[in-house]
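Hello,

Here is the structure I promised to pass on. Have a look at it first, and then read my notes below.

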Amino acid sequence: LSASLVGSEMCIRDRSWRDYMIERPLYMKKIAPFMDAPLAKIITGIRRSGKSTILEMVEKRLQERGVPKEKIFYAKFDSYEYEWIDSGSKLYHAISEKLDGDGYYLLLDEVQEIEGWEKAVNSLMASKNANVFITGSNSKLMSSEISTYLSGRYVVIPVYPLSFAEYIEFRKSVGEDKANNDFLRDYIRMGGFPAVAVSNFTQQEAYTVVRDIYTSVIYNDITKRSKIRKIDQFERLVKFMFENIGKTFSAQSVSDYMKSEKRSLDIETIYNYINQLKKAYILYEANRYDVRGKEALKTQEKYYLADPSLKYAVMGFYDTSISSMLENIVFLELLRRGYETYVGTWNGKEIDFVGVLRDEKVYIQVCRHIPEDEKGRDREIGNLLKIKDNYPKYVVTLDEYAGSNEDGVRIVYLADFLLRENW
């Protein structure tokens with residue numbers, strides 16, 4: 001059941017569940033503890049990562065729990081159907097007029113399109129005791145206005161493109177049955193956007209779909225909304241960042257690159273552009289973490305993509321880019337599982353990732369293949385051996401027959417690592 005806003009009226013219409021809607025239990029599990037909590041549930045992430053489908057799953061779950069049809073309202077605000085709702089005041093009055101009593105569930109998709117939505121949501125929660133679920137594709141959902149109007153009354157559930165485990169389920173849903181290592185090869189190349197995973201696209205067709213997602217984010221969520229005028233300059237910075245995923249970031253290197261391209265870009269503008277990419281959930285930042293000092297550092301950060309396919313769709317696929325994309329895949333898996341994820345340092349040596357989850361940690365090195373030479377093995381394994389605590393330590397690799405344990409450091413095939421329930 002859903003609410004449809006037509007003109008100045010709200011009416012109820014039946015909704016039939018799409019046969020191809022595939023459950024994503026990871027997110028429903030995260031949402032479950034807050035289903036009836038007096039908090040706005042904010043479901044956010046890059047476009048086409050599956051937020052709207054998750055909202056529909058919430059709706060389905062409510063119906064399964066016996067919530068009356070007339071108590072559930074659903075509206076998708078990036079549709080022309082709702083163009084007339086252009087202010088928080090209109091949003092509040094359009095909904096509140098139809099709420100007879102309390103116990104209502106409001107499912108508001110892409111609500112950040114409405115100026116002042118935060119105040120409207122706060123008023124609906126306060127005056128109507130409404131239970132609110134919200135989705136959005138940019139950080140207007142994380143604006144200072146939320147702190148003002150929803151302080152202490154919201155919880156954020158970040159959504160990412162499909163994990164490897166989800167990707168397998170999606171591919172099986174369209175009749176594909178392969179060994180996990182074959183699925184992994186496709187996942188590395190094709191990425192985890194649901195629209196790609198439920199279709200039998202060729203690699204090039206998949207990149208066309210992802211390129212459209214990228215273009216929509218760049219032009220609708222960033223350049224248009226942030227009024228970036230030098231679009232060519234911005235696009236060149238994006239390509240530089242994509243080409244250097246997983247490398248230590250230097251604003252000066254970006255500036256030098258732009259000069260070599262006959263463009264001038266100051267440091268402040270570079271950071272502003274990167275911040276816009278982060279706000280649109282294209283880029284994620286990994287700060288440094290001093291393992292010995294047990295503290296996060298503010299310099300020499302690295303950046304990773306919301307999905308590896310974004311790089312291939314924009315820059316083209318080439319085999320030598322796989323190594324950095326393996327890191328990207330592991331980084332995203334850490335985020336999905338709720339880890340604060342850092343690039344580790346130990347006595348001047350680098351550890352690809354340190355994941356921190358409450359009082360637990362995990363240390364991870366990622367490499368395409370385990371080096372055979374002593375120096376290479378020391379780089380991938382020796383750094384972890386020097387850390388003398390009892391937290392899990394992994395070297396994750398594309399070597400299919402990995403599975404050894406070297407003095408507590410577990411060497412694991414990437415597919416097996418991604419599919420482990422517990423690390």
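A word on terms before the findings: a residue is buried under 20% relative accessible area, exposed over 50%, and partly exposed in between, with a 1.4 Å probe and protein chains only. This is a predicted model, in which local features need pLDDT of at least 70 and side-chain atom pairs count only at pLDDT 80 or more, while totals for chains, interfaces and linings use all residues. Residues are numbered from 1 along each chain as its sequence is written, and side-chain values use heavy atoms, leaving out hydrogens and water.

Now the salt bridges (a side-chain nitrogen of Lys or Arg within 4 Å of a carboxyl oxygen of Asp or Glu). The count comes to 28. In one of them, Arg65 meets Asp36 at 2.5 Å, N to O. Arg65 is partly exposed because its relative accessibility is 43%, and Asp36, at 45%, is partly exposed too.

Another salt bridge joins Lys302 to Glu350, at 2.6 Å from N to O. Lys302 belongs to strand S9 (residues 295-305) and Glu350 to strand S11 (residues 349-357), so this pair ties together parts 48 residues apart in sequence. Strands here are DSSP runs of E, at least two residues long, and helices are runs of H or I of at least four, numbered from the N terminus. Lys302 counts as buried, at 4% relative accessibility, whereas Glu350 is partly exposed at 28%.

There is also a network of salt bridges linking Glu23, Lys60, Arg61 and Glu64.

Enjoy exploring!
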